[in-house]
Amino acid sequence: MVAALVDLSRPGHYLHWGFVQLSVANLLVIGVMVVVFVLALVIPFHSSRRGR
Amino acid sequence: MQTLDEASAQPDEAEWEGPKIRYDLAKEFVLALVAVAVLTVGLAVVFSSPDEHPVTIRQWAQATPADFLATAVTELDGSSPTASYGPPYDTAPGSGQTIGPLAPERWIGVHEPVSAAQDFVLGPLQVAAHSDPDLQSALASYQAAPAATAQQWTAAYSSALGHVGFSGSAVVVPPGRYGPLPPMMSALLTMARTGSLDADLLSSPQFYGTDYTKPLLFLADGSFLADKAQAEHLSGSQWGMMNETGNFPGQAWLWLYTMWYQVWPFTHTGNADALVWGLMMLLTLGLLLVPFIPGLRAVPRLVPVYRLIWRDHYRRLDEARNKPLR
Amino acid sequence: MTVPGLEASPTWTGRLRRAAVRALPPDKLLPDDQPSYVASWVYVFGVLTLAAFVIVLASGTVLVLRGPSWWHQSKTGLFVNSLHLWSVELFFFFMVLHLWGKFFMASWRGRRALTWMTGVVTFAISVATAFTGYLSQQNFDSQWIATQAKDGINSTGAGAFFVVTNFGQMLLWHVLLLPVAVAALVGLHLLLVRHRGVVRPLPARGRATRPAAKRPTPSTPAGRT
């Protein structure tokens, strides 16, 4: 029973490089993690008020 | 209050007495909670979650009866993975994984006793035999036979299963010396196909079963469960530990644990599980003790991600000192 | 206000109170300012992990209310299960980013080793908690995970006591023992962060990508870095 807008219950897609085998889903998650981390590093963080 | 320059010169354990900024922790937490809640609801609405129906012994027996019978025979003759597992299930000689001289599996011993022949074959048949005199006498003659004779029967029947046929509910094997095995195996297959073996294995020894060890071990001894897992990229040699059924993301955080199973020497040893667990415990200990490990704890200084994180601070410090960065 | 004459009362309660207030006075427990260097988006991964943990607990509690078979039989149940699954994915997502950030900041400096260590233990116990969750699904996935994982755990000897094919045991560990352990560790971790404060920046030394430092100017005393 799948009540989803996007049906992820189809057979999975996998990528192979040598002995490495990763699902597209996992690769996406890892990729997003790296992107988010890099963005957190580079996007400026302006605190609202300086000093006390 | 100290200046930025003075405060920055203090040791790491000193309390910060330099410039501060307003920082609303409670508000930050509430905003984080709302953000994560929205993300969670969004992901749940868009993708839902996987729920593939469990495999039953009934399905196994109906879909691949030859594999079911072959597995049942190995339970009887002691050659199945469960029957030859050793601790914690039984005391099969020479069993149990080791890491060099360490054999924790053997040292701790049997605490989840499973007698494969009795639990998966003879026990259920004894229940069915209450209302079947022919099965009753077949069982009696099997249990009365010397071990060597029983082995001959199971070996012969095992080979015969390579040419098995099914006619209705009848199991058809080439003529041979199988002793009482044919009626026993036929009866077991019938029990399996009707689902009573599922119920029987779960509910022993009591009505309310919550321990699925027996039916799971039996299922895992056959190929039906494993073939389904292989088709879904869940097997050990497919980095399966990280994966989920379908296209769902799985457990990416298990990448290092499952990686070892793909590489030498772990691919070529029967002690792979013990060795990988030992290695992972060591690496986890390493991660835990990073603050105390020279070299490893110096990595942050060598890989200058910190320069990005604190670039505002360094710029202001530089301005305060009226000098360019060294 | 204590009774006059009993201010330094040697009661256990009094000692506990004084020790707690010494370690975490109110404005240290709930400060509304931070050192000026706490100015990067990397700092939000910790609170995002905490927020995800709260959603995990909340969605899990709803699943507890209706029992373990509910989500297989009801669309609402399936939706709550989805909330639980995705909040767990987000929990690990943010936790690992938090780990990366804290590593590259060398956040164990200045007597903060215990903060780092409680974090690592929390990570490990969280993995175990998720593991028992996957085992409690009562579907094909949990059948496979149980029959595979048993070999690894059995090989350590722990399989004699921690029986992954025992659904009842795994469910109870998942719903009670392990979440309590995670919550306690998270609580300790947070108190340690407040107690020690946010670690200060690494010294800005080493080669920069900019040109070499200027020679000392007349306004800058020689020899001062």
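Two strands pair if DSSP finds at least two bridges between them. Strands (E, at least two residues) and helices (H or I, at least four) are DSSP runs, numbered from the N terminus. Before you click, note that this is a predicted model, where local features need pLDDT of at least 70, side-chain atom pairs count only at pLDDT 80 or more, and totals for chains, interfaces and linings use all residues. Residues are numbered from 1 along each chain as its sequence is written, while chains are lettered from A and ligands numbered from 1 in the order in which they are written.

**Stop 1**

Pick A:Leu15, then look across to β2(A) for its bridge partner, A:Leu22.

**Stop 2: where chain A touches chain B**

Now show both chains. Here 29 residues of chain A are in contact with 27 residues of chain B (contact: C-beta atoms, placed from the backbone, within 7 Å). On the chain A side, the elements giving two or more residues are β2 and α1 (24-42). Which of them gives the most? That is α1(A), with seven residues. Colour this side of chain A by residue class and you get 16 nonpolar, nine polar and four charged. Ala, Val, Leu, Ile, Met, Phe, Trp, Tyr, Cys and Pro count as nonpolar, Asp, Glu, Lys and Arg as charged, and the others, Gly among them, as polar.

**Stop 3: chain B by itself**

Hide the rest and look at chain B, with its 17 helices and three strands. Its C-alpha trace spans about 100 × 50 × 35 Å along the principal axes. Of its 326 residues, 36% count as buried, meaning that 20 or more other C-beta atoms, placed from the backbone, lie within 10 Å of the residue's own.

**Stop 4: two domains in chain C**

Finish on chain C, and colour residues 39-105 as domain 1 and 114-198 as domain 2; these bounds come from an automatic or database domain assignment. Their centres, taken over C-alpha atoms, are 14 Å apart. The contact takes 11 residues from domain 1 of chain C and 11 residues from domain 2. On the domain 1 side, α3 (45-66) and α5 (75-104) of chain C each supply at least two residues. That side has eight nonpolar residues, two polar and one charged.

Key. Contact = placed C-beta atoms within 7 Å. Buried ≥ 20, exposed ≤ 12 C-beta atoms within 10 Å, placed from the backbone.
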